[in-house]
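Subject: Structure handover

Hello,

Please find the sequence and structure below. My notes on what was found follow after them.

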Amino acid sequence: ILSGDCHVGFITHGIRHAGCESRLVERSSFVAAVPSDSPLAHLNSVSLAELAQQPFILPPTKYTERSETLNLFKSAGVVPRVEQEASQTNTTLSLVSAGLGCSIVMATSALQAIRNVTFLPIKDDLPHARWEMAMAWHPDHLSAETRSFLDLVTEHVTSNPDLLDLE
């Protein structure tokens with residue numbers, strides 16, 4: 001974006017970057033994803049301590065999401081039993097569906113129906129645990145088409161305020 005090779009980017013970390021402008025386009029809390037045949041699936045909500053006792057799926061070490069997830073568990077005073085790694089949410093949910101473990105995913109993941117996956121609210125008080133995605137662009141590299149796209153996304157986010165507060 002800074003070099004002008006890309007006009008717009010969608011980023012999940014480092015929403016503020018010198019030289020770029022950005023707009024928050026989605027904010028979501030986190031939910032637990034558990035296999036539907038797990039004893040946890042019958043609960044109304046689940047604690048991080050309960051999740052820590054189950055086989056757990058985390059992103060690989062090089063992903064920021066891994067440390068963020070581990071910090072959630074650390075705040076609850078527990079450590080998850082990591083048994084699988086997956087870099088993409090869809091892969092994580094496929095592993096959960098296969099019964100290979102539980103995970104924590106953004107609440108927007110629960111908008112899709114996935115066979116053998118139950119999504120549960122997390123009981124623990126996690127007021128600052130949010131996943132955010134922003135659209136970023138360099139103000140000096142805006143074509144008419146890029147401006148139209150930015151306006152379209154801004155209009156969409158404005159007309160769908162729940163995108164910024166999905167629980």
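In which helix is T146 found? T146 sits in helix α4, residues 144-159; helices here are DSSP runs of H or I with at least four residues, strands are E runs of at least two, and both are numbered from the N terminus.

Before the rest, the basis. This is a predicted model, in which local features need pLDDT of at least 70 and side-chain atom pairs count only at pLDDT 80 or more, while totals for chains, interfaces and linings use all residues. Residues are numbered from 1 along each chain as its sequence is written, and side-chain values use heavy atoms, with hydrogens and water left out.

Back to T146. Its relative accessibility is 6%, so T146 counts as buried (buried is under 20% relative accessible area, exposed over 50%, partly exposed in between, with a 1.4 Å probe and protein chains only). The side chain of T146 makes a polar contact with the side chain of S143 at 2.9 Å. A polar contact is a pair of N or O atoms within 3.5 Å; within protein, one must be able to donate a hydrogen and the other to accept it, and residues adjacent in sequence count only if both atoms are side-chain atoms. Apart from neighbours within four places in sequence, T146 is in contact (heavy atoms within 4.5 Å) with H7 and V8.

On the cysteines: the structure holds 0 disulfides, a disulfide being a pair of cysteine sulfur atoms within 2.5 Å. C6 counts as partly exposed because its relative accessibility is 43%. C20, at 21%, also counts as partly exposed.

For the chain as a whole, there are 4 helices and 8 strands. From the N terminus on, the order is β-β-β-α-β-α-β-α-β-β-β-α. The C-alpha trace spans about 55 × 30 × 30 Å along its principal axes. Of the 167 residues, 38% count as buried. Among contacts between residues at least 6 apart in sequence, 75% join residues at least 24 apart.

The chain exposes about 9,400 Å², of which carbon and sulfur atoms supply 51%; accessible areas come from the Shrake-Rupley method with a 1.4 Å probe, and for residues only the protein chains shown count as cover.

Regards
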